[in-house]
Structures are given as C-alpha cells and as structure tokens.
Amino acid sequence: MTELRTEDALARKLLGLPLEEAKAILKEEGIAAEIINYVSLRGVQNANDVRVVRARIEQGSAQIVVSEFLTEI
C-alpha cells in the first residue's frame with residue numbers, strides 16, 4: 001500500500017512540469033516512461049513548451065501524457 005501511495009505522490013508531482021524535467025525525475029527514480037503526446041485539434045500557435053498533463057505510475061513504469069503550451073508571452 002505504501003508503494004502505491006508513493007507512486008501516486010510522484011505522479012502528482014509531475015503534473016504541470018516541463019517534459020524534460022519530468023523525464024529527469026523519473027530517470028533519477030529508476031522509472032521507465034512511455035510518453036504520449038496529446039495534440040489539440042485546433043493546435044496551439046507559437047507553442048514554446050511541452051508540459052505533463054497526465055501521469056500514471058504503476059509497478060515501476062510511467063505513462064506520461066504531454067501537450068504543447070504557450071507559456072511565454
């Protein structure tokens with residue numbers, strides 16, 4: 001049960017982070033990651049950042065959903 005809570009806490013910690021930062025955290029924890037890119041049908045003009053919008057970690061493996069954002073104006 002503690003392992004599940006730890007995985008859930010780590011997944012929550014990844015939300016909103018830039019993709020590269022999230023990947024570095026997972027690598028440090030020894031967790032392999034599958035990256036899924038979510039693309040809006042309208043797209044994001046001038047997107048300059050890719051951030052984690054969903055994270056699930058189970059049994060030492062992560063599934064990370066990312067999307068492009070415009071974070072600099």
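This is a predicted model: local features need pLDDT of at least 70, side-chain atom pairs count only at pLDDT 80 or more; totals for chains, interfaces and linings use all residues.
Q: Thanks! What percentage of the residues is buried?
A: Of the 73 residues in the protein chain, 27% are buried. Buried means under 20% relative accessible area, exposed means over 50%, and partly exposed is in between (1.4 Å probe, protein chains only).

Q: And what pattern does the chain follow along the sequence?
A: The pattern is α-α-β-β-β, with two helices and three strands. Helices (H or I, at least four residues) and strands (E, at least two) are DSSP runs, numbered from the N terminus.

Q: Nice. Which strands does E3 pair with?
A: E2 pairs with E3 in the antiparallel sense over nine bridges, while E1 (residues 32-38) runs parallel to E3 and is joined to it by seven bridges. Pairing requires that DSSP finds at least two bridges between two strands.

Q: What does the E2 and E3 hairpin look like at the turn?
A: Two residues sit between E2 and E3, and glutamine 59 in the turn has a positive phi of about 50°. Along the strands, aspartate 49 has phenylalanine 69 in E3 as its bridge partner, and arginine 51 stands opposite serine 67 in E3.

Q: Switching to glutamine 63: where is it, and which side chains does it make polar contacts with?
A: Glutamine 63 is in strand E3. Its side chain makes a polar contact of 2.7 Å with the side chain of arginine 56 and another of 3.5 Å with the side chain of glutamate 34. A polar contact is a pair of N or O atoms within 3.5 Å; within protein, one must be able to donate a hydrogen and the other to accept it, and residues adjacent in sequence count only if both atoms are side-chain atoms.

Q: OK, on to the core. How many residues are in the largest nonpolar one?
A: There are 15, and those with the most contacts inside it are Leu14, Leu26, Val52, Ile57 and Ile64. A nonpolar core is a set of buried Ala, Val, Leu, Ile, Met, Phe, Trp, Tyr and Cys residues joined through side-chain atoms within 4.5 Å.

Q: Which element gives the largest share of this core?
A: H2, with four residues.

Q: What is isoleucine 64 in contact with?
A: Leaving aside neighbours within four places in sequence, isoleucine 64 is in contact with residues including Leu14, Leu26, Ile36 and Val52. Contact means heavy atoms within 4.5 Å.

Q: Last one: why does glycine 43 count as partly exposed?
A: Because its relative accessibility is 38%. Glycine 43 lies in the loop between E1 and E2.

How values were computed:
Residues are numbered from 1 along each chain as its sequence is written. Side-chain values use heavy atoms; hydrogens and water are left out.
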